[in-house]
Amino acid sequence: MTRKQKRLAVIAGGMGFIAAAVLLVMFAFSQSVAYFYMPGDLASNPVAPGTRIRLGGLVGEGSVMRGEGSVVRFAVTDPSGQIVNVRYQGILPDLFREGQGVVTEGTFETGSNVFTADTVLAKHDETYMPKEVADRLKAQGLWEEGKGAAPQGEAAKGQEAQGQQTRATP
């Protein structure tokens with residue numbers, strides 16, 4: 001082999017290795033992607049059983065039922081009025097309760113409309129809501145930014161200055 005042929009063989013081998021690595025990474029990402037749905041989305045566009053998704057919305061009032069051991073059943077609702085029944089086995093987050101925002105991750109059981117969650121994420125304070133859920137609720141006009149929360153940023157500075165002026169004036 002000449003030097004030119006050796007160089008081309010090394011370059012071709014390196015390109016083949018890089019292509020194989022990229023394909024493996026893409027395959028791994030495609031297997032771990034979990035799409036986000038709300039109950040209204042699932043009513044109009046159902047997913048196949050066994051497809052891993054994220055389900056978000058609000059925990060339905062009066063829907064939390066605790067079973068044997070650590071099995072919990074509850075309903076996830078959205079403003080459209082659609083309901084998805086969820087089954088979860090494990091310890092729920094401390095702030096999980098009815099009427100709060102929740103994102104669950106898992107699959108639908110085969111031959112059933114029950115969503116089996118393996119992960120449950122609950123709202124952690126008054127100002128937090130999962131971005132996907134907040135965007136959907138804002139688009140439907142049912143959620144306002146900063147509602148019930150302390151002002152932040154420029155609004156807080158303005159109120160702070162106003163408070164100082166009020167205290168300084170007799």
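Some ground rules come first. Because this is a predicted model, local features need pLDDT of at least 70 and side-chain atom pairs count only at pLDDT 80 or more, while totals for chains, interfaces and linings use all residues. Residues are numbered from 1 along each chain as its sequence is written, and side-chain values use heavy atoms, with hydrogens and water left out.

The chain holds four helices and seven strands, where helices (H or I, at least four residues) and strands (E, at least two) are DSSP runs numbered from the N terminus. Read from that end, the elements go α-β-α-β-β-β-β-β-β-α-α. Of the 170 residues, 27% are buried; here buried means under 20% relative accessible area, exposed means over 50%, and partly exposed is in between (1.4 Å probe, protein chains only). The accessible surface comes to about 11600 Å², with 56% of it belonging to carbon and sulfur atoms; the areas come from the Shrake-Rupley method with a 1.4 Å probe, and for residues only the protein chains shown count as cover. Among contacts with a separation of 6 or more, 50% are between residues 24 or more positions apart, a contact being heavy atoms within 4.5 Å.

Now for the inside. The largest nonpolar core has 20 residues, and L42, F74, F96, F115 and V120 touch the most other members. Such a core is a set of buried Ala, Val, Leu, Ile, Met, Phe, Trp, Tyr and Cys residues joined through side-chain atoms within 4.5 Å. Strands β2, β4 (71–77), β5 (83–89), β6 and β7 (115–122) each put in at least two residues, and β7 gives the largest share, four. Apart from this core lies another, of five residues, including M38, V103, V133 and L137. In soluble globular proteins, nonpolar side chains tend to be buried together.

The whole structure contains two aromatic pairs, with rings of Phe, Tyr and Trp (its six-membered ring) counted as paired if their centres lie within 6.5 Å; planes under 30 degrees apart are stacked, over 60 edge-to-face and the rest tilted. F74 and F96 sit edge-to-face, 4.9 Å centre to centre with 65 degrees between the planes. This pair links distant parts of the chain, as F74 is in strand β4 and F96 is in the loop between β5 and β6, 22 residues apart. F74 is buried at a relative accessible area of 2%, and F96 is buried at 9%. The other pair, F108 and F115, is edge-to-face too, at 5.2 Å centre to centre and 70 degrees. F108 counts as buried at 13% relative accessibility, and F115 does so at 0%. Setting aside neighbours within four places in sequence, F74 contacts V59, S63, V64, V84, N85, V86, Y88, F96, T104 and V120.

On to the strands that flank these residues in sequence. β4 and β5 pair in the antiparallel sense over seven bridges, pairing being called when DSSP finds at least two bridges between two strands. V71, for instance, has Q89 in β5 as its bridge partner. The two strands make a hairpin with five residues between them, and G81 in the turn has a positive phi of about 90 degrees. β5 also pairs with β7, in the parallel sense over three bridges, and there R87 is the bridge partner of T116 in β7. One face of β5 is covered, with V84, V86 and Y88, and the other is uncovered, with I83, N85, R87 and Q89. T77, in strand β4, counts as buried at 19% relative accessibility. Not counting residues up to four places away in sequence, T77 touches P39, G57, L58, G60, Q82 and I83.

An α-helix has 3.6 residues a turn, so residues three or four places apart point the same way. After α3 comes G141, with a positive phi near 75 degrees.
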